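Reader: I'd like to go through the charges and patches in this one. Can we take it question by question?

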Amino acid sequence: MGFSTVPCNEFVEVLASKAPVPGGGGASALVGAIGTALGNMVGSLTVGKKKYADVEDEMWELKKKADELQKDLLHLIERDAEVFEPLSKAYGMPRETEEEKAEKARVMEIVLKDACSVPMEIMEKCCEAIEIIVEFAAKGSTLAISDAGVGAAFCKAALQGASLNVYINTKSMKNREYAEELNAKCDAMLEKYTKIADEVFNSVLGRLK
């Protein structure tokens, strides 16, 4: 099933079920794509307006970047489901004998690494999206400023959501050096970009109230 192409109601129903996918990672990717699109909408409502002629070229460039990020994040919904399946199977591997325990441990390290790669990429894309939304909020049409604020809030939520899907997998890794390396990358992205997203949201809120 292509989770990025099913109707909204179907995605939500499957998400609410006991089906292993989609889960928090795929949902975070979707929220990130929606947040990016909201920023992109600000750009769409800005280009072609005489009032914003001086930022026209910049808006088109930002929209182009947002278009790519939206596609990437939708693709990551599918990728998250793909990497979770081997992980769920690995958890069910037998560990009665020493040989089975060793094999399960070997496979787990591989699939945990793969399972971390997608939410890490979701986080990276959300950081890029937040940077773009900063520009949409600052220079885009004031008529759509609320959408930039919502977009920043959504991308922040997606960033935080994806981070939990990294942390839950690094927690199970035996290779602690690699796990802590990933955790540090997550920590840095959260530290920097949640603040930036909050600044955008609060700026928009201040302009509306």
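Predicted model: local features only at pLDDT ≥ 70, side-chain atom pairs only at ≥ 80, totals over all residues.

Reader: Which residue forms a salt bridge with K125?

Author: Side chains of opposite charge can pair when their charged atoms come close. Here the closest N and O atoms are 3.1 Å apart, and the partner of K125 is D72. K125 lies in helix α4 and D72 in helix α3 (residues 56-91), so the pair ties together parts 53 residues apart in sequence; helices are DSSP runs of H or I, at least four residues, numbered from the N terminus. So the residue that K125 ties to, over in helix α3, is D72.

Reader: Is K125 buried or exposed?

Author: Buried means under 20% relative accessible area, exposed over 50%, and partly exposed in between (1.4 Å probe, protein chains only). K125 has a relative accessible area of 15%, so K125 is buried.

Reader: How far apart are the closest N and O atoms of E191 and K195?

Author: Both residues lie in helix α6, 4 residues apart, about one turn of the helix. E191 is partly exposed at 47%, and K195 also counts as partly exposed at 45%. They form a salt bridge, with a closest N to O distance of 2.6 Å.

Reader: Which residues gather in the patch of negative charge on the surface?

Author: Patches are made of residues with over 30% relative accessible area and no salt bridge, with like charges joined within 9 Å and nonpolar side chains (Val, Leu, Ile, Met, Phe, Trp, Tyr) within 5 Å. One member, E131, lies in helix α4 (residues 98-139) and is partly exposed at 39%. The negative patch holds E121, E124, E128 and E131.

Reader: And what area does the nonpolar patch made by I34, V150 and F154 have?

Author: V150 lies in helix α5 (residues 145-170) and counts as partly exposed, at 32% relative accessibility. Areas come from the Shrake-Rupley method with a 1.4 Å probe; for residues, only the protein chains shown count as cover. For I34, V150 and F154, the patch is about 210 Å².

Methods
Residues numbered from 1 in each chain as written. Heavy atoms only, no water. Salt bridge = Lys/Arg side-chain N within 4 Å of Asp/Glu carboxyl O. Helix = DSSP H or I, 4+ residues; strand = E, 2+ residues; numbered from the N terminus. Lys, Arg positive; Asp, Glu negative; His and termini not counted. Charge placed at Lys NZ, Arg CZ, Asp CG, Glu CD.
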